[in-house]
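Visitor: I would like to go through this structure term by term. Please set each value against its definition.

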Amino acid sequence: MAMSWNSRRVIGAVKRVTPQWKSIVARKQGDLLPTLRLFPFPFIGDGSDGVFPRRFQSTEAEKMLELSADRSLEFPGGKVTFVSSMNFLAEASAERVHCYRTLDESGQPLMSSKFLEVSEEVAVRMYTAMVTLSQMDSIFYEAQRQGRISFYVTSIGEEAINIASAAALTDDDLIVPQYREPGVLLWRGFSLQEFANQCFSNKADYGKGRQMPVHYGSNKLNYFTVASTIASQLPHAVGAAYSLKMDKRDACVVTYFGDGGSSEGDFHAALNFAAVMDAPVIFICRNNGWAISTPTSDQFRSDGVVVRGQAYGVRSIRVDGNDALAVYSAVQSAREMAISEQRPILIEALTYRAGHHTTSDDSTKYRPADEIQLWRTSGDPVTRFRKWIECNGWWNNAAENELRSNTRQQILNAIQVAEKVEKPPVADLFTDVYDVPPPNLQEQERLLRETILRHPADYPENVPF
Ligand SMILES: Cc1ncc(C[n+]2csc(CCOP(=O)(O)OP(=O)(O)O)c2C)c(N)n1
Ligand SMILES: [Mg+2]
């Protein structure tokens, strides 16, 4: 076959770049054996040594080398059209990716907005959970300020992402969280007492008091324990999703992360891995504008996070994270696609971290107070959803007052109980990793006990020795 200059260049480039293709090109040229001798790659065996090659049918040489009439190239991944003009892809589209929203700030459905039906029962339950989460945040935050717990993280401003996404899933779906999604656990039935036990690191905490507060987890509720090493949960989520796929389960994995998480290498590895393995996993990015004090403008130049999905071959959507109805619809649709089509989905939810990063942070040092104030008032997702259920006649002031005073009392009770429960024993610090503790751990335990005995006044009395 006569080849044009262009096709020779393409084949030349291919030969230089991808060794696997050398055999394909050589075969086309009727010169297979000499080429194999020249390029003895381990995967190209002839069977004489008992090792047979493993070949992937990713391309068909015949097609690949044939320049068709419409000037295109069969290339792994599909046909690529040649053009004579030298066009660089623009670094950004002329218009930013649109954001799916159903309700405006005053809780009114937008003209022609489309969303999945939410019954009165589910809507009221969602609102109740959003209020409970925000009340839990303010009371636990105060408890930290009073020195009763060591640390706390609020989800203020992100109640809709937490609760509406949880409401759109089934309990069989596995949750692999970051740390600002306790509302998902609340929705699944983790009790206020269980939250308080974890934050007070008492004997009833499932982590035996070995983690910082807010590192919740529940085997029963399919909620992986929080790991605050940013983005480390994302590859784990893909692995878990792949196992669901192998078991042909009617469930998916849902993993949460922040904009800061999307700046970690693990995010990219996870997205690519999920795409290539067709893993049924939903990535929910809470783009709240900040990774502690680092604004998104110092993190990336792309149009947020959503565009990266397409780059990796992952179906994606951008949604208004403060619109509970939009989040609910997007997550439920994503779940349907992830399971029925066995594919990953990326959701970028636009929101704002309306609280400080944690109790160790004062965000007024690095962002304007009026910006925070604006999001706390007109941007508040809880108020917006309340207005919608009120308009539907499903909610009123009396119900609001009753909910707030009951929930407040329940949270205060849970804290009081948790505070009185004994702490886990010192010995628990050294268990559950090794069957038989190695000598270095045994030595550490001995040193710790000696130190406590030498300085009893410096150690809490309620930790059994
Ligand atoms: C691997 C790693 N690097 C740094 C940190 C310190 N750190 C804790 S939270 C955080 C910011 C994360 O921001 P984002 O993912 O946007 O979540 P947000 O707190 O905004 O919800 C950082 C840098 C960490 N925990 N782990
Ligand atoms: Mg963030």
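Visitor: Which residues point one way from β9 and which the other way, and are they buried or exposed?

Guide: I345, I347 and A349 point one way, L346, E348 and L350 the other, and all are buried. In general, side chains of a regular strand alternate between the two faces of the sheet. Before going on: this is a predicted model, in which local features need pLDDT of at least 70, side-chain atom pairs count only at pLDDT 80 or more, and totals for chains, interfaces and linings use all residues. Residues are numbered from 1 along each chain as its sequence is written, while chains are lettered from A and ligands numbered from 1 in the order in which they are written.

Visitor: What makes a residue buried, and why is I175 called buried?

Guide: A residue is buried if 20 or more other C-beta atoms lie within 10 Å of its own, exposed if 12 or fewer, and partly exposed in between, with C-beta atoms placed from the backbone. I175 has 27 other C-beta atoms within 10 Å, so the residue is buried. I175 sits in strand β3 (residues 174-176). Among the residues I175 touches are V184, Y223 and V254, leaving aside those up to four places away in sequence; contact requires C-beta atoms, placed from the backbone, within 7 Å. Of the 465 residues of the protein chain, 34% count as buried.

Visitor: What makes a strand or a helix here, and how many does the protein chain have?

Guide: Both are DSSP runs numbered from the N terminus: helices are H or I with at least four residues, strands are E with at least two. The protein chain has 16 helices and 9 strands.

Visitor: Why is β9 called largely enclosed?

Guide: Strand β9 (residues 345-350) has 6 of its 6 residues buried, so the rest of the structure largely encloses the strand. Helix α8 (residues 192-199) is also largely enclosed, because 7 of its 8 residues are buried. What covers the buried residues of α8 includes α5 (120-145), α7 (182-188) and α15 (397-420).

Visitor: How do you know that β8 and β9 pair?

Guide: Pairing needs at least two bridges found by DSSP between the strands. D320 stands opposite L350 in β9. From β8 the chain crosses through helix α12 (residues 324-340) to β9 in a right-handed β-α-β crossover; right-handed means that, with the strands pointing away from the viewer, the path from the first strand over the helix to the second runs clockwise. Strand β5 (residues 281-287) also pairs with β9 in the parallel sense over 6 bridges, and F283 stands opposite L346.

Visitor: What is the strand order of the open sheet, and what makes a strand an edge strand?

Guide: The open sheet of 5 strands has the order β3-β4-β5-β9-β8, with parallel pairing. β3 and β8 are the edge strands, each pairing on one side only.

Visitor: Why is α6 called oblique to α12?

Guide: The axes of helix α6 (residues 159-167) and α12 come within 8 Å and cross at roughly 40°. That angle makes α6 oblique to α12, because under 35 degrees counts as roughly parallel, over 145 as roughly antiparallel, 65 to 115 as roughly perpendicular and the rest as oblique. Axes are lines fitted to C-alpha atoms, for helices over the stretch in contact, and angles run from 0 to 180 degrees between N-to-C directions. The contact involves residues including A160 and I161 of α6 and V327 and Y328 of α12.

Methods:
Contact = placed C-beta atoms within 7 Å.
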